[in-house]
Amino acid sequence: KAHKAEIEVLRRQAIEAGGDPDNLNLPTDTSEVALKALIAEYRTKRDEYIAGLEKSKEKNLKVKLDIIEELKALINSNETINHTFATFRELQQRRKEAGPVPQANVKDLWETYNHHVENFYEYIKINKELRDMDLKRNYEAKLALCEQAEALIMEPSIVDAFHKLQKLHDE
C-alpha cells in the first residue's frame, strides 16, 4: 500500500509538471522484487509438496487395497483361528500405519474395508459354532463309548469283554 501511494504521488507530480503519466520512469523497489521472487519460490515449493502428497496418497491407496485383498484371502485360509486372528490384527495395524488416501476414494475404501471386516468376524463366528458343534458331537460319541465300555463290566468272560472293547475302539 505504501509503495502504491508513493507511485500515485509521483504520477500526480508528473501530471502537475506537464509530463506524461504513462511514460513515468518509476524507481524499482528492491524489496518488492525480492518479495515477488519469494512468493514465486513459495508457490513452486508448495506445488511440489502437493504433488508429492498426492503421490503418497496414491501409494497409500494401493497399500490399503492390497490389505483388503489379504483380508479377503484370510477368510478362505485353512490355518488355525489363532494364527488367522493374529494375521487379522497385523493387517489392521498395517492399515492404520498406511496413512491418508485421495479424498475421492475415502468413502468407498472405508465401506469395502468394513464389509470385509464384518465378513471376517462372521467367518470367526461360524467357525466357532462349527467347532462347538463338533466338540459336542465328539463328547456325545465319547459318552456313548464309555457307557458301552461300562456295560462290558457285566460280561462274564473277560476275553469276550476285551474283544468287544476292541470292536468299540475300532468303530
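The model is predicted. Helix α3 runs over residues 81-98. Its buried residues pack against α2 (30-75) and α4 (106-151). A search of the whole structure finds nine salt bridges.

**Helix α3**
- At 1.5 Å a residue, the 18 residues of α3 should span 26 Å, and the 25 Å between its end C-alpha atoms agrees.
- Thr84, Phe88, Leu91, Gln92, Arg95 and Ala98 are buried in α3.
- Viewed down the axis, the buried residues of α3 fall within an arc of 120°, so they line one face of the helix.
- Exposed residues Asn82, Lys96 and Glu97 sit on the face of α3 turned away from the buried side.

**Nonpolar core**
- The largest nonpolar core has 15 residues.
- Leu71, Leu74, Phe88 and Phe120 have the most contacts inside this core.
- Helices α2, α3 and α4 each supply at least two of its residues.
- Leu71 touches several residues beyond four places away in sequence, among them Phe88, Leu91 and Phe120.

**Salt bridges**
- Glu70 and Arg94 meet through their side chains at 2.8 Å, N to O.
- This pair links distant parts of the chain, with Glu70 in α2 and Arg94 in α3, 24 residues apart.
- Salt bridges with shared partners join Glu70, Glu90 and Arg94 into one network.
- Asp66 and Lys62 form a salt bridge at 3.1 Å, N to O. They are four residues apart in α2, so about one helical turn separates them.
- Asp66 is partly exposed at 35% relative accessible area, whereas Lys62 is exposed at 51%.
- Lys72 pairs with Glu69 in a salt bridge, with the closest N and O atoms 3.0 Å apart.

Key
Residues numbered from 1 in each chain as written. Predicted model: local features only at pLDDT ≥ 70, side-chain atom pairs only at ≥ 80, totals over all residues. Heavy atoms only, no water. Expected span 1.5 Å × (residues − 1). Buried < 20%, exposed > 50% of the residue type's maximum accessible area, 1.4 Å probe, protein only. Arc of directions from axis to C-beta. Contact = heavy atoms within 4.5 Å. Core = buried A, V, L, I, M, F, W, Y, C linked by side-chain atoms within 4.5 Å. Salt bridge = Lys/Arg side-chain N within 4 Å of Asp/Glu carboxyl O.
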